[in-house]
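Please look through the sequence and the model below before reading on. The paragraphs after it are meant to be read with both in view.

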Amino acid sequence: MRNRRDVLRLGTGAAAAAVAAGPTTASPTSAGPRAAAWQELRRALSPGAALYRPGGGGYDRLAVPENLRYAHVRPAGIVACATPRDVRVAVRWSVKHGVPFAPRSGGHDYAGHSTTEGLLVSLRRMSEVVPGGRRLRVGGGATNSDVYRAREANLYFPGGRCPGVGVAGLTLGGGLGFNDRKWGLGCDRLTQTEVVLADGSLVRASARENPDLFWACRGGAGGNFGINTGFTFDAIPVADQVATVFDLTFALDRGVKLMERVQEILRRDGTGDFDCRVGFVNHGHGEITLLGQYLGTDDRLRRHLAPILELGPTKRFVEQRHFWKAQDHLMTKPERVALASKSLVPDRRLEAETVTAVTEWIRHWQPGRAGNAGHVTLFAMGGRSGTPAPDETAFPHRGATFVIDIGTTWDPATPGEVVGHLLDQIGTVYHTLRRDLGTSASYVNFPDPDLHRWRTAYYGPNHDRLVEIKRRYDPGNLFRHGQSVDSRTA
Ligand SMILES: Cc1cc2nc3c(=O)[nH]c(=O)nc-3n(C[C@H](O)[C@H](O)[C@H](O)COP(=O)(O)OP(=O)(O)OC[C@H]3O[C@@H](n4cnc5c(N)ncnc54)[C@H](O)[C@@H]3O)c2cc1C
(Lines give C-alpha, C1' and ligand atoms only; values in the text may rest on other atoms or scores of the structure.)
Protein backbone atom coordinates (compact mmCIF):
# COMPACT_ATOMS: atom_id res chain seq x y z
CA MET A 1 0.00 0.00 0.00
CA ARG A 2 2.78 2.43 0.80
CA ASN A 3 4.38 1.86 -2.59
CA ARG A 4 1.31 3.27 -4.26
CA ARG A 5 1.62 6.58 -2.51
CA ASP A 6 3.51 9.40 -4.09
CA VAL A 7 5.59 10.59 -1.22
CA LEU A 8 6.61 14.16 -1.95
CA ARG A 9 10.24 15.09 -1.55
CA LEU A 10 10.73 17.48 1.29
CA GLY A 11 13.86 19.07 2.64
CA THR A 12 14.39 17.92 6.23
CA GLY A 13 16.91 19.70 8.41
CA ALA A 14 19.00 17.87 10.99
CA ALA A 15 16.81 18.93 13.90
CA ALA A 16 13.69 17.87 12.08
CA ALA A 17 15.30 14.56 11.24
CA ALA A 18 15.68 13.80 14.95
CA VAL A 19 11.94 14.23 15.47
CA ALA A 20 11.00 12.83 12.13
CA ALA A 21 12.88 9.61 12.81
CA GLY A 22 9.68 8.16 14.47
CA PRO A 23 7.16 6.72 14.53
CA THR A 24 7.66 4.68 17.70
CA THR A 25 4.51 5.21 19.67
CA ALA A 26 4.85 5.70 23.39
CA SER A 27 1.76 5.42 25.61
CA PRO A 28 0.18 8.75 26.47
CA THR A 29 0.99 9.72 30.04
CA SER A 30 -1.26 11.93 32.14
CA ALA A 31 1.79 13.97 33.15
CA GLY A 32 2.44 14.75 29.48
CA PRO A 33 5.87 14.96 27.91
CA ARG A 34 8.81 16.45 29.80
CA ALA A 35 10.26 19.88 29.15
CA ALA A 36 13.05 18.33 27.08
CA ALA A 37 10.52 16.84 24.68
CA TRP A 38 8.87 20.24 24.15
CA GLN A 39 12.32 21.73 23.53
CA GLU A 40 12.95 19.02 20.95
CA LEU A 41 9.74 20.01 19.16
CA ARG A 42 10.53 23.72 19.34
CA ARG A 43 13.98 23.21 17.85
CA ALA A 44 12.65 21.11 15.00
CA LEU A 45 10.24 23.78 13.73
CA SER A 46 10.91 26.16 10.85
CA PRO A 47 11.77 29.80 11.66
CA GLY A 48 8.22 30.94 10.78
CA ALA A 49 6.58 28.46 13.17
CA ALA A 50 6.17 28.68 16.94
CA LEU A 51 5.33 26.54 19.94
CA TYR A 52 3.08 27.96 22.66
CA ARG A 53 2.66 26.49 26.16
CA PRO A 54 0.06 27.43 28.79
CA GLY A 55 0.90 30.69 30.53
CA GLY A 56 3.02 31.92 27.61
CA GLY A 57 2.15 34.95 25.45
CA GLY A 58 -0.02 34.11 22.48
CA TYR A 59 -1.30 30.83 23.98
CA ASP A 60 -4.80 32.00 24.97
CA ARG A 61 -5.56 33.60 21.63
CA LEU A 62 -4.88 30.33 19.82
CA ALA A 63 -6.19 27.92 22.45
CA VAL A 64 -9.82 29.06 22.51
CA PRO A 65 -11.97 27.53 19.74
CA GLU A 66 -14.68 29.50 17.98
CA ASN A 67 -17.43 27.52 19.74
CA LEU A 68 -17.09 28.62 23.36
CA ARG A 69 -18.90 25.47 24.51
CA TYR A 70 -15.46 23.86 24.27
CA ALA A 71 -13.38 26.77 25.59
CA HIS A 72 -12.50 24.75 28.71
CA VAL A 73 -10.49 22.23 26.66
CA ARG A 74 -6.94 23.49 27.09
CA PRO A 75 -4.15 22.08 24.92
CA ALA A 76 -0.87 21.09 26.60
CA GLY A 77 0.89 22.82 23.72
CA ILE A 78 0.05 24.59 20.49
CA VAL A 79 2.24 24.35 17.45
CA ALA A 80 1.62 27.14 14.97
CA CYS A 81 2.87 25.54 11.75
CA ALA A 82 4.27 27.66 8.94
CA THR A 83 5.13 24.94 6.43
CA PRO A 84 4.03 21.40 5.55
CA ARG A 85 7.30 20.23 7.07
CA ASP A 86 6.25 21.70 10.45
CA VAL A 87 3.06 19.64 10.20
CA ARG A 88 5.08 16.48 9.56
CA VAL A 89 7.32 17.32 12.51
CA ALA A 90 4.28 17.84 14.76
CA VAL A 91 2.66 14.53 13.74
CA ARG A 92 5.87 12.54 14.20
CA TRP A 93 6.62 14.22 17.52
CA SER A 94 3.10 13.40 18.79
CA VAL A 95 3.51 9.76 17.79
CA LYS A 96 6.97 9.52 19.34
CA HIS A 97 5.86 11.01 22.67
CA GLY A 98 2.38 9.47 22.76
CA VAL A 99 0.68 12.85 22.82
CA PRO A 100 -2.84 13.02 21.31
CA PHE A 101 -3.31 15.88 18.89
CA ALA A 102 -5.92 17.68 16.81
CA PRO A 103 -5.48 19.77 13.66
CA ARG A 104 -7.19 23.14 13.55
CA SER A 105 -7.67 25.53 10.64
CA GLY A 106 -10.56 27.95 11.17
CA GLY A 107 -11.50 26.38 14.54
CA HIS A 108 -15.26 26.51 13.81
CA ASP A 109 -16.11 22.87 14.47
CA TYR A 110 -19.56 22.66 16.10
CA ALA A 111 -18.69 19.60 18.18
CA GLY A 112 -15.24 20.59 19.43
CA HIS A 113 -13.45 18.08 17.19
CA SER A 114 -10.57 20.50 16.72
CA THR A 115 -9.94 20.79 20.46
CA THR A 116 -7.52 18.61 22.45
CA GLU A 117 -5.75 18.41 25.78
CA GLY A 118 -2.70 17.25 23.87
CA LEU A 119 -0.99 19.08 21.01
CA LEU A 120 -3.08 21.51 18.99
CA VAL A 121 -1.71 21.66 15.46
CA SER A 122 -2.73 25.08 14.19
CA LEU A 123 -2.50 25.71 10.46
CA ARG A 124 -3.61 29.35 10.57
CA ARG A 125 -0.18 30.64 9.52
CA MET A 126 -0.47 28.62 6.31
CA SER A 127 -3.10 30.95 4.91
CA GLU A 128 -1.72 31.85 1.49
CA VAL A 129 -4.08 32.11 -1.49
CA VAL A 130 -2.22 32.02 -4.81
CA PRO A 131 -3.90 32.28 -8.21
CA GLY A 132 -2.43 30.46 -11.20
CA GLY A 133 -4.31 30.30 -14.49
CA ARG A 134 -7.82 29.20 -13.55
CA ARG A 135 -6.59 27.56 -10.36
CA LEU A 136 -6.50 28.88 -6.81
CA ARG A 137 -3.92 27.33 -4.49
CA VAL A 138 -4.97 27.73 -0.91
CA GLY A 139 -2.93 27.00 2.23
CA GLY A 140 -4.24 24.43 4.71
CA GLY A 141 -5.05 27.14 7.27
CA ALA A 142 -6.73 29.73 5.02
CA THR A 143 -10.21 30.96 5.88
CA ASN A 144 -13.09 32.25 3.75
CA SER A 145 -11.89 35.81 4.37
CA ASP A 146 -8.37 34.98 3.13
CA VAL A 147 -9.94 33.76 -0.11
CA TYR A 148 -12.09 36.89 -0.42
CA ARG A 149 -9.12 39.16 0.27
CA ALA A 150 -7.26 37.64 -2.69
CA ARG A 151 -9.95 38.92 -5.04
CA GLU A 152 -7.68 40.90 -7.43
CA ALA A 153 -7.32 37.79 -9.56
CA ASN A 154 -11.13 37.64 -9.82
CA LEU A 155 -11.11 33.91 -9.19
CA TYR A 156 -13.67 32.32 -6.92
CA PHE A 157 -14.66 28.88 -5.69
CA PRO A 158 -17.85 28.24 -3.74
CA GLY A 159 -17.06 28.88 -0.10
CA GLY A 160 -19.01 29.73 3.00
CA ARG A 161 -20.47 32.87 4.47
CA CYS A 162 -18.60 33.21 7.75
CA PRO A 163 -15.23 34.96 7.33
CA GLY A 164 -13.44 32.85 9.97
CA VAL A 165 -14.51 29.39 8.75
CA GLY A 166 -11.52 27.41 7.50
CA VAL A 167 -11.33 26.29 3.87
CA ALA A 168 -9.99 22.97 5.23
CA GLY A 169 -12.92 22.00 7.45
CA LEU A 170 -15.45 23.47 5.03
CA THR A 171 -14.15 21.68 1.93
CA LEU A 172 -13.28 18.35 3.54
CA GLY A 173 -16.87 17.98 4.78
CA GLY A 174 -18.61 19.31 1.64
CA GLY A 175 -18.85 23.11 1.70
CA LEU A 176 -22.20 24.85 1.23
CA GLY A 177 -22.52 28.46 0.19
CA PHE A 178 -24.60 30.89 -1.80
CA ASN A 179 -23.08 29.70 -5.06
CA ASP A 180 -23.32 25.93 -4.81
CA ARG A 181 -26.50 25.65 -6.86
CA LYS A 182 -24.63 27.33 -9.72
CA TRP A 183 -21.06 26.05 -9.34
CA GLY A 184 -21.22 23.01 -7.05
CA LEU A 185 -20.07 22.45 -3.49
CA GLY A 186 -16.63 23.59 -2.36
CA CYS A 187 -15.45 19.95 -2.44
CA ASP A 188 -16.68 19.57 -6.04
CA ARG A 189 -14.20 22.23 -7.22
CA LEU A 190 -11.23 20.62 -5.45
CA THR A 191 -8.67 19.24 -7.90
CA GLN A 192 -5.78 18.40 -5.60
CA THR A 193 -4.78 18.42 -1.97
CA GLU A 194 -1.59 17.62 -0.08
CA VAL A 195 -1.91 15.52 3.05
CA VAL A 196 0.42 14.64 5.94
CA LEU A 197 -0.41 11.04 6.83
CA ALA A 198 -0.14 9.11 10.10
CA ASP A 199 3.40 7.93 9.25
CA GLY A 200 4.51 11.54 8.79
CA SER A 201 4.79 11.32 5.01
CA LEU A 202 3.40 14.05 2.79
CA VAL A 203 1.38 12.84 -0.18
CA ARG A 204 -0.56 14.40 -2.98
CA ALA A 205 -4.16 13.35 -3.61
CA SER A 206 -5.95 14.06 -6.88
CA ALA A 207 -7.88 12.16 -9.53
CA ARG A 208 -4.54 10.65 -10.64
CA GLU A 209 -2.54 10.30 -7.42
CA ASN A 210 -4.02 8.52 -4.41
CA PRO A 211 -7.50 8.81 -5.95
CA ASP A 212 -9.17 6.99 -3.05
CA LEU A 213 -7.76 9.48 -0.55
CA PHE A 214 -8.86 12.30 -2.87
CA TRP A 215 -12.37 10.81 -2.93
CA ALA A 216 -12.40 10.79 0.90
CA CYS A 217 -11.21 14.41 1.05
CA ARG A 218 -14.38 15.50 -0.74
CA GLY A 219 -17.00 15.00 1.96
CA GLY A 220 -15.28 12.54 4.31
CA ALA A 221 -14.63 15.43 6.77
CA GLY A 222 -11.56 16.84 8.49
CA GLY A 223 -9.63 15.07 11.23
CA ASN A 224 -10.05 11.61 9.69
CA PHE A 225 -7.29 10.71 7.23
CA GLY A 226 -4.42 13.12 7.75
CA ILE A 227 -3.67 16.84 7.90
CA ASN A 228 -4.28 18.65 4.63
CA THR A 229 -1.59 21.28 4.12
CA GLY A 230 -2.85 22.74 0.85
CA PHE A 231 -5.75 22.68 -1.58
CA THR A 232 -6.04 23.48 -5.29
CA PHE A 233 -9.42 24.52 -6.67
CA ASP A 234 -10.78 24.78 -10.16
CA ALA A 235 -11.90 28.38 -9.79
CA ILE A 236 -14.51 30.42 -11.62
CA PRO A 237 -13.56 33.75 -13.27
CA VAL A 238 -15.93 36.39 -11.87
CA ALA A 239 -14.51 39.65 -13.25
CA ASP A 240 -17.70 40.33 -15.22
CA GLN A 241 -20.16 38.65 -12.91
CA VAL A 242 -23.05 40.68 -11.50
CA ALA A 243 -25.11 39.45 -8.59
CA THR A 244 -28.23 40.82 -6.94
CA VAL A 245 -28.44 40.24 -3.22
CA PHE A 246 -31.69 40.08 -1.30
CA ASP A 247 -32.09 40.27 2.43
CA LEU A 248 -35.71 40.19 3.57
CA THR A 249 -37.40 39.72 6.93
CA PHE A 250 -40.94 38.44 7.52
CA ALA A 251 -43.31 37.96 10.41
CA LEU A 252 -43.72 34.35 11.56
CA ASP A 253 -47.27 34.10 10.24
CA ARG A 254 -45.90 34.38 6.68
CA GLY A 255 -43.92 31.14 7.12
CA VAL A 256 -46.14 28.71 5.23
CA LYS A 257 -46.69 30.95 2.19
CA LEU A 258 -43.07 32.03 2.13
CA MET A 259 -41.76 28.45 2.10
CA GLU A 260 -44.29 27.46 -0.54
CA ARG A 261 -43.11 30.28 -2.82
CA VAL A 262 -39.40 29.86 -2.12
CA GLN A 263 -39.64 26.15 -2.93
CA GLU A 264 -41.49 26.96 -6.14
CA ILE A 265 -38.75 29.40 -7.24
CA LEU A 266 -36.07 26.82 -6.45
CA ARG A 267 -37.95 24.14 -8.39
CA ARG A 268 -38.25 26.33 -11.46
CA ASP A 269 -34.72 27.71 -11.38
CA GLY A 270 -33.00 25.34 -13.81
CA THR A 271 -29.86 27.47 -14.02
CA GLY A 272 -28.90 27.50 -10.32
CA ASP A 273 -28.64 31.30 -10.49
CA PHE A 274 -30.99 31.66 -7.52
CA ASP A 275 -29.63 30.57 -4.14
CA CYS A 276 -30.86 31.33 -0.65
CA ARG A 277 -31.09 30.53 3.01
CA VAL A 278 -34.33 30.73 5.00
CA GLY A 279 -33.83 31.36 8.71
CA PHE A 280 -36.53 30.86 11.32
CA VAL A 281 -35.06 32.49 14.41
CA ASN A 282 -35.95 33.64 17.88
CA HIS A 283 -33.33 35.96 19.36
CA GLY A 284 -35.68 37.85 21.68
CA HIS A 285 -38.53 37.75 19.20
CA GLY A 286 -39.43 35.38 16.41
CA GLU A 287 -38.99 36.22 12.73
CA ILE A 288 -38.08 34.70 9.38
CA THR A 289 -35.22 35.89 7.21
CA LEU A 290 -34.68 35.18 3.55
CA LEU A 291 -31.12 35.90 2.50
CA GLY A 292 -29.63 35.07 -0.84
CA GLN A 293 -28.35 36.09 -4.20
CA TYR A 294 -29.27 35.88 -7.83
CA LEU A 295 -26.46 35.66 -10.37
CA GLY A 296 -28.04 38.19 -12.68
CA THR A 297 -29.55 41.64 -12.77
CA ASP A 298 -31.97 43.28 -10.37
CA ASP A 299 -34.71 43.34 -13.06
CA ARG A 300 -34.60 39.63 -13.64
CA LEU A 301 -34.48 38.82 -9.94
CA ARG A 302 -37.53 40.96 -9.22
CA ARG A 303 -39.55 38.83 -11.62
CA HIS A 304 -38.64 35.74 -9.56
CA LEU A 305 -39.12 37.51 -6.26
CA ALA A 306 -42.45 39.20 -7.03
CA PRO A 307 -44.59 36.52 -5.31
CA ILE A 308 -42.37 36.76 -2.26
CA LEU A 309 -42.34 40.54 -2.06
CA GLU A 310 -46.17 40.36 -2.16
CA LEU A 311 -46.00 38.80 1.30
CA GLY A 312 -45.01 42.16 2.76
CA PRO A 313 -41.54 41.83 4.27
CA THR A 314 -40.97 43.90 7.41
CA LYS A 315 -37.42 44.61 6.21
CA ARG A 316 -36.41 44.65 2.60
CA PHE A 317 -33.06 45.03 0.85
CA VAL A 318 -32.57 44.11 -2.82
CA GLU A 319 -29.51 45.46 -4.64
CA GLN A 320 -27.54 44.63 -7.76
CA ARG A 321 -23.79 44.67 -7.24
CA HIS A 322 -20.55 43.37 -8.64
CA PHE A 323 -20.02 39.76 -7.56
CA TRP A 324 -17.44 40.56 -4.84
CA LYS A 325 -19.55 43.36 -3.35
CA ALA A 326 -22.45 40.93 -3.22
CA GLN A 327 -20.31 38.41 -1.32
CA ASP A 328 -19.37 41.20 1.11
CA HIS A 329 -23.04 41.71 1.87
CA LEU A 330 -23.61 37.99 2.40
CA MET A 331 -20.62 37.63 4.76
CA THR A 332 -21.37 37.98 8.45
CA LYS A 333 -19.09 37.63 11.36
CA PRO A 334 -21.22 36.07 14.08
CA GLU A 335 -20.59 36.86 17.74
CA ARG A 336 -18.42 34.36 19.56
CA VAL A 337 -20.83 32.30 21.65
CA ALA A 338 -21.41 28.73 22.80
CA LEU A 339 -23.48 26.74 20.33
CA ALA A 340 -25.00 23.36 19.58
CA SER A 341 -26.55 22.12 16.39
CA LYS A 342 -28.43 19.21 14.90
CA SER A 343 -28.95 18.86 11.19
CA LEU A 344 -31.17 17.07 8.73
CA VAL A 345 -30.78 16.67 4.98
CA PRO A 346 -34.16 15.87 3.40
CA ASP A 347 -34.73 14.92 -0.22
CA ARG A 348 -38.24 16.35 -0.39
CA ARG A 349 -40.24 19.57 -0.08
CA LEU A 350 -41.39 20.90 3.25
CA GLU A 351 -45.18 20.70 3.52
CA ALA A 352 -47.34 23.31 5.23
CA GLU A 353 -47.75 21.28 8.47
CA THR A 354 -44.00 20.98 8.87
CA VAL A 355 -43.45 24.70 8.34
CA THR A 356 -46.22 25.45 10.85
CA ALA A 357 -44.51 23.18 13.39
CA VAL A 358 -41.29 25.13 12.92
CA THR A 359 -42.91 28.57 13.21
CA GLU A 360 -44.81 27.50 16.36
CA TRP A 361 -41.60 26.15 17.84
CA ILE A 362 -39.88 29.47 17.15
CA ARG A 363 -42.83 31.40 18.61
CA HIS A 364 -42.67 29.42 21.85
CA TRP A 365 -38.88 29.39 22.20
CA GLN A 366 -37.81 29.69 25.84
CA PRO A 367 -34.37 31.32 26.02
CA GLY A 368 -33.99 30.92 29.78
CA ARG A 369 -31.79 34.00 29.71
CA ALA A 370 -31.77 37.11 27.54
CA GLY A 371 -29.79 36.59 24.36
CA ASN A 372 -30.01 32.80 24.15
CA ALA A 373 -31.34 32.09 20.69
CA GLY A 374 -32.94 29.20 18.82
CA HIS A 375 -33.02 28.76 15.05
CA VAL A 376 -33.92 26.50 12.17
CA THR A 377 -32.00 27.52 9.05
CA LEU A 378 -32.62 25.96 5.65
CA PHE A 379 -29.76 26.09 3.15
CA ALA A 380 -31.13 25.62 -0.38
CA MET A 381 -29.56 22.69 -2.22
CA GLY A 382 -30.10 21.29 -5.70
CA GLY A 383 -28.83 22.64 -8.99
CA ARG A 384 -25.17 21.79 -9.58
CA SER A 385 -24.68 20.63 -5.97
CA GLY A 386 -27.01 17.73 -6.77
CA THR A 387 -25.49 16.71 -10.12
CA PRO A 388 -22.74 14.26 -9.03
CA ALA A 389 -23.79 10.72 -8.17
CA PRO A 390 -23.98 10.09 -4.39
CA ASP A 391 -20.86 7.88 -4.55
CA GLU A 392 -18.85 10.16 -6.86
CA THR A 393 -17.36 11.90 -3.82
CA ALA A 394 -17.66 11.05 -0.13
CA PHE A 395 -20.41 13.71 0.27
CA PRO A 396 -23.51 11.54 -0.19
CA HIS A 397 -26.48 13.92 -0.04
CA ARG A 398 -26.86 14.66 -3.74
CA GLY A 399 -30.65 14.46 -3.80
CA ALA A 400 -31.01 17.04 -1.02
CA THR A 401 -33.58 19.80 -1.22
CA PHE A 402 -32.17 21.57 1.85
CA VAL A 403 -29.57 21.20 4.54
CA ILE A 404 -31.37 22.12 7.75
CA ASP A 405 -29.41 23.46 10.69
CA ILE A 406 -31.36 23.27 13.96
CA GLY A 407 -29.43 25.13 16.58
CA THR A 408 -29.13 27.20 19.69
CA THR A 409 -26.57 29.72 20.88
CA TRP A 410 -25.96 30.85 24.42
CA ASP A 411 -23.77 33.02 26.57
CA PRO A 412 -21.12 30.71 28.09
CA ALA A 413 -22.03 32.03 31.58
CA THR A 414 -25.51 30.44 31.24
CA PRO A 415 -26.13 27.85 34.01
CA GLY A 416 -26.02 24.17 33.01
CA GLU A 417 -29.72 23.48 33.62
CA VAL A 418 -30.69 26.36 31.32
CA VAL A 419 -28.37 25.01 28.62
CA GLY A 420 -29.96 21.59 29.14
CA HIS A 421 -33.37 23.12 28.44
CA LEU A 422 -32.09 24.80 25.25
CA LEU A 423 -30.74 21.44 24.06
CA ASP A 424 -34.05 19.73 24.89
CA GLN A 425 -35.89 22.32 22.82
CA ILE A 426 -33.75 21.79 19.72
CA GLY A 427 -34.17 18.03 20.28
CA THR A 428 -37.95 18.44 20.12
CA VAL A 429 -38.08 20.24 16.78
CA TYR A 430 -35.38 17.92 15.39
CA HIS A 431 -37.61 14.89 16.14
CA THR A 432 -40.61 16.57 14.54
CA LEU A 433 -38.67 17.38 11.38
CA ARG A 434 -37.05 13.96 11.25
CA ARG A 435 -40.48 12.32 11.39
CA ASP A 436 -42.10 14.68 8.88
CA LEU A 437 -39.23 14.54 6.42
CA GLY A 438 -38.66 10.80 6.80
CA THR A 439 -34.88 11.03 7.15
CA SER A 440 -32.05 11.06 9.67
CA ALA A 441 -29.47 12.10 7.06
CA SER A 442 -27.22 14.75 8.56
CA TYR A 443 -24.45 17.11 7.37
CA VAL A 444 -21.04 16.13 8.73
CA ASN A 445 -19.96 19.79 8.89
CA PHE A 446 -22.75 20.48 11.39
CA PRO A 447 -21.68 17.65 13.70
CA ASP A 448 -23.84 16.74 16.67
CA PRO A 449 -22.03 14.91 19.50
CA ASP A 450 -25.39 13.47 20.66
CA LEU A 451 -26.28 11.88 17.32
CA HIS A 452 -26.49 8.07 17.71
CA ARG A 453 -26.29 6.58 14.23
CA TRP A 454 -23.92 9.26 12.96
CA ARG A 455 -22.00 6.98 10.56
CA THR A 456 -25.06 6.39 8.38
CA ALA A 457 -26.47 9.86 9.00
CA TYR A 458 -23.31 11.66 7.82
CA TYR A 459 -22.11 9.31 5.11
CA GLY A 460 -24.94 6.97 4.06
CA PRO A 461 -23.60 4.04 2.00
CA ASN A 462 -20.27 5.85 1.53
CA HIS A 463 -19.24 5.00 5.10
CA ASP A 464 -17.99 1.51 4.20
CA ARG A 465 -15.61 2.87 1.59
CA LEU A 466 -14.37 5.52 4.02
CA VAL A 467 -13.50 2.75 6.51
CA GLU A 468 -11.53 0.90 3.79
CA ILE A 469 -9.64 4.09 2.97
CA LYS A 470 -9.00 4.72 6.66
CA ARG A 471 -7.50 1.21 6.96
CA ARG A 472 -5.09 1.97 4.15
CA TYR A 473 -3.99 5.45 5.15
CA ASP A 474 -4.39 5.43 8.94
CA PRO A 475 -4.63 1.80 10.05
CA GLY A 476 -3.76 2.66 13.67
CA ASN A 477 -6.50 5.32 13.99
CA LEU A 478 -4.01 8.03 14.81
CA PHE A 479 -6.40 10.69 13.52
CA ARG A 480 -9.41 10.42 15.76
CA HIS A 481 -12.06 12.42 17.55
CA GLY A 482 -15.51 11.75 18.97
CA GLN A 483 -17.04 10.90 15.58
CA SER A 484 -14.09 9.98 13.39
CA VAL A 485 -14.06 7.23 10.79
CA ASP A 486 -12.59 4.22 12.58
CA SER A 487 -10.40 1.63 10.85
CA ARG A 488 -11.64 -1.02 13.32
CA THR A 489 -15.30 -0.69 12.28
CA ALA A 490 -16.62 -4.06 11.11
C1 LIG B 1 -20.41 30.55 12.22
C2 LIG B 1 -20.35 29.35 11.33
C3 LIG B 1 -20.74 29.47 10.00
C4 LIG B 1 -20.71 28.36 9.15
N5 LIG B 1 -21.11 28.49 7.85
C6 LIG B 1 -21.04 27.43 7.03
C7 LIG B 1 -21.43 27.54 5.66
O8 LIG B 1 -21.83 28.60 5.19
N9 LIG B 1 -21.34 26.43 4.88
C10 LIG B 1 -20.89 25.23 5.36
O11 LIG B 1 -20.83 24.27 4.61
N12 LIG B 1 -20.51 25.11 6.65
C13 LIG B 1 -20.57 26.16 7.48
N14 LIG B 1 -20.19 26.03 8.79
C15 LIG B 1 -19.69 24.73 9.25
C16 LIG B 1 -18.23 24.56 8.85
O17 LIG B 1 -18.15 24.11 7.52
C18 LIG B 1 -17.57 23.51 9.74
O19 LIG B 1 -17.66 23.93 11.07
C20 LIG B 1 -16.11 23.31 9.33
O21 LIG B 1 -15.66 22.08 9.84
C22 LIG B 1 -15.25 24.42 9.86
O23 LIG B 1 -13.96 24.33 9.36
P24 LIG B 1 -12.77 24.99 10.19
O25 LIG B 1 -11.51 24.73 9.46
O26 LIG B 1 -13.13 26.38 10.56
O27 LIG B 1 -12.88 24.13 11.53
P28 LIG B 1 -11.86 23.40 12.48
O29 LIG B 1 -12.54 23.41 13.80
O30 LIG B 1 -10.49 23.96 12.40
O31 LIG B 1 -11.82 21.93 11.87
C32 LIG B 1 -12.95 21.13 11.62
C33 LIG B 1 -12.52 19.66 11.57
O34 LIG B 1 -11.53 19.47 10.58
C35 LIG B 1 -10.28 19.10 11.15
N36 LIG B 1 -9.26 19.89 10.44
C37 LIG B 1 -9.03 21.22 10.55
N38 LIG B 1 -8.05 21.58 9.71
C39 LIG B 1 -7.68 20.47 9.06
C40 LIG B 1 -6.72 20.21 8.05
N41 LIG B 1 -5.97 21.20 7.53
N42 LIG B 1 -6.59 18.94 7.59
C43 LIG B 1 -7.37 17.94 8.08
N44 LIG B 1 -8.28 18.12 9.04
C45 LIG B 1 -8.44 19.38 9.51
C46 LIG B 1 -10.39 19.42 12.61
O47 LIG B 1 -9.54 18.62 13.41
C48 LIG B 1 -11.88 19.16 12.86
O49 LIG B 1 -12.10 17.77 12.97
C50 LIG B 1 -20.23 27.11 9.65
C51 LIG B 1 -19.82 27.01 10.98
C52 LIG B 1 -19.88 28.11 11.82
C53 LIG B 1 -19.46 27.97 13.27
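What follows goes from the domains and one of their interfaces to salt bridges and then to individual residues.

This is a predicted model, in which local features need pLDDT of at least 70 and side-chain atom pairs count only at pLDDT 80 or more, whereas totals for chains, interfaces and linings use all residues. Residues are numbered from 1 along each chain as its sequence is written, and side-chain values use heavy atoms, with hydrogens and water left out.

The chain is divided into domain 1 (11–122), domain 2 (129–238) and domain 3 (242–437), with bounds that come from an automatic or database domain assignment. Between the centres of domain 1 and domain 3, taken over C-alpha atoms, there are 37 Å. Seven residues from domain 1 and eleven residues from domain 3 take part in the contact, where contact means heavy atoms within 4.5 Å. About 800 Å² is buried between domain 1 and domain 3, with 52% of it on carbon and sulfur atoms; buried area here is the accessible area (1.4 Å probe) that two parts lose on being put together, summed over both. On the side of domain 1, the residues that lose the most area to domain 3 are Leu68, Arg69 and Tyr110, which together account for 63% of what that side buries.

Which interactions cross the interface of domain 1 and domain 3, and how many residue pairs are in polar contact there? The rule finds five such residue pairs, both members at pLDDT 80 or more, a polar contact being a pair of N or O atoms within 3.5 Å, of which, within protein, one must be able to donate a hydrogen and the other to accept it, while residues adjacent in sequence count only if both atoms are side-chain atoms. The residues of the side of domain 1 that touches domain 3 divide into four nonpolar, one polar and two charged, a division in which Ala, Val, Leu, Ile, Met, Phe, Trp, Tyr, Cys and Pro count as nonpolar, Asp, Glu, Lys and Arg as charged, and the others, Gly among them, as polar. One salt bridge is also found across this interface, the term standing for a side-chain nitrogen of Lys or Arg within 4 Å of a carboxyl oxygen of Asp or Glu. Elsewhere in this account, Glu66 and Arg336 are described as meeting through their side chains in a salt bridge (3.4 Å, N to O).

A search of the whole structure finds 27 salt bridges. One of them joins the side chains of Asp60 and Arg74 (2.5 Å, N to O), and this pair links distant parts of the chain, with Asp60 in helix α3 (residues 59–63) and Arg74 in the loop between α3 and β2 (77–80), 14 residues apart. Helices (H or I, at least four residues) and strands (E, at least two) are DSSP runs, numbered from the N terminus. Asp60 is partly exposed at a relative accessible area of 47%, and Arg74 is partly exposed at 36%; buried means under 20% relative accessible area, exposed over 50%, and partly exposed in between (1.4 Å probe, protein chains only).

The side chains of Asp328 and Arg151 also meet in a salt bridge (2.7 Å, N to O). Asp328 lies in helix α11 (residues 323–330) and Arg151 in the loop between α5 (144–149) and β7 (155–156), so that the pair links parts of the chain 177 residues apart. Asp328 counts as partly exposed at 33% relative accessibility, as does Arg151 at 22%. In the salt bridge of Arg488 with Asp486, the closest N and O atoms are 2.8 Å apart; Arg488 is exposed at 66%, whereas Asp486 counts as buried at 17%. Gly164 is found in the loop between β7 and α6 (167–173), and its C-alpha atom is separated by 5.8 Å from that of Gly106, 58 residues apart along the chain. Most residues other than glycine have a negative phi. Asn154, in the loop between α5 and β7, has a positive phi of about 55°, and the phi of Asn477 is likewise positive, near 55°. Asn477 belongs to the segment after α15 (462–473) and is buried, with a relative accessible area of 4%. Asp474 has its place in the segment after α15 and counts as buried at 1% relative accessibility; leaving out residues up to four places away in sequence, Asp474 touches Ala198, Asn224, Ile469, Phe479 and Ser487.
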